[in-house]
Amino acid sequence: MRSLLIHLVFIVVTLGFGLLSGLANLPDEWYQSLDKPPFNPPAYVFGPVWTTLYVLIAIAGARMWLRAPASAAMQLWFGQMIFNLLWSPSFFGLQSPALGLVVILPLLTLILAFIAKTWDVDRPSGLLFIPYAAWVGFASLLNLSLFVLN
């Protein structure tokens with residue numbers, strides 16, 4: 001029962017903060033006016049992708065919390081959440097692709113470090129972060145492209 005409750009708390013809190021960060025910093029006319037690379041996904045892709053990723057992130061966090069709440073892996077998990085939640089306000093809120101890069105590159109590093117740190121301790125947690133790493137890698141390239149094009 002404790003495990004289920006911890007998983008539910010992680011999912012609700014992670015989704016909740018992700019939703020708040022996203023809704024408080026929605027793309028506006030500024031973003032619409034930017035020159036975009038040809039691989040820029042349509043807007044409708046982002047909601048389902050991030051919802052899925054936040055659930056995976058939360059499950060990985062809950063798994064590690066149950067295993068080792070004071071571990072380096074949990075510090076990396078919380079660190080990546082901070083950078084994750086800072087990206088939308090940095091990029092959309094402050095309308096700054098440059099600041100977005102300053103946030104997303106350490107985010108990607110923390111995600112990869114979490115995968116490496118959990119791989120031998122709790123491989124499912126590391127595996128849960130692989131789609132997240134792939135998406136943030138793609139988002140980093142997109143952010144860099146928007147910076148260069150604009």
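Trainee: At what angle do the axes of helix α1 and α4 cross?

Mentor: In this predicted model, the axes of helix α1 (residues 2-24) and α4 cross at roughly 25° and come within 8 Å. Angles under 35 degrees count as roughly parallel, so α1 and α4 are roughly parallel to each other.

Trainee: Which residues make that contact?

Mentor: From α1 the contributors are F10, T14, F17, G18 and S21. From α4 they are M74, W77, M81, L85, S88 and P89.

Trainee: And how does the contact of α1 with α4 divide by class?

Mentor: It has seven nonpolar and four polar residues, and no charged residues.

Trainee: What about α5 and helix α7, at what angle do they pack?

Mentor: The angle between α5 and α7 (residues 130-149) is about 160°, and their axes are 9 Å apart. Angles over 145 degrees count as roughly antiparallel, and α5 and α7 are therefore roughly antiparallel to each other.

Trainee: Is the crossing of α5 and α7 left-handed or right-handed?

Mentor: The crossing of these two helices is left-handed.

Trainee: Which residues of α5 and α7 meet?

Mentor: On the α5 side, the residues include P97, L101, I104, L108 and I115. On the α7 side, they include I130, Y132, V136, N143 and F147.

Trainee: How many nonpolar, polar and charged residues are in the contact of α5 with α7?

Mentor: There are 18 nonpolar residues and four polar ones, with no charged residues.

Trainee: Changing topic, how many salt bridges are there?

Mentor: The count comes to three salt bridges. In one of them, the side chains of D122 and R63 meet at 2.6 Å, N to O.

Trainee: Where do D122 and R63 lie?

Mentor: D122 is in the loop between α5 (97-118) and α6 (123-128), whereas R63 is in helix α3 (residues 46-67). The two are 59 residues apart in sequence, so the pair ties together separate parts of the chain.

Trainee: Is D122 buried or exposed?

Mentor: D122 counts as buried, because its relative accessibility is 5% and the limit for buried is under 20%. R63 counts as partly exposed, at 31% relative accessibility.

Trainee: Which other salt bridge does D122 make with an arginine?

Mentor: D122 also meets R67 in a salt bridge, at 3.9 Å, N to O. This pair again links distant parts of the chain, with D122 in the loop between α5 and α6 and R67 in helix α3, 55 residues apart. R67 is partly exposed, with a relative accessible area of 49%.

Trainee: What is the salt bridge partner of R123?

Mentor: R123 forms a salt bridge with D120, and their closest N and O atoms are 3.8 Å apart. R123 is partly exposed, with a relative accessible area of 40%, while D120 is exposed at 71%.

Trainee: How accessible is Q95?

Mentor: Q95 is partly exposed, with a relative accessible area of 36%.

Terms used. Residues numbered from 1 in each chain as written. Predicted model: local features only at pLDDT ≥ 70, side-chain atom pairs only at ≥ 80, totals over all residues. Heavy atoms only, no water. Salt bridge = Lys/Arg side-chain N within 4 Å of Asp/Glu carboxyl O. Helix = DSSP H or I, 4+ residues; strand = E, 2+ residues; numbered from the N terminus. Buried < 20%, exposed > 50% of the residue type's maximum accessible area, 1.4 Å probe, protein only. Axes fitted to C-alpha atoms, helices over the stretch in contact; angles between N-to-C directions. Parallel < 35°, antiparallel > 145°, perpendicular 65-115°, else oblique. Left-handed = near helix turned anticlockwise from the far one by under 90°. Contact = heavy atoms within 4.5 Å. Nonpolar A, V, L, I, M, F, W, Y, C, P; charged D, E, K, R; others polar.
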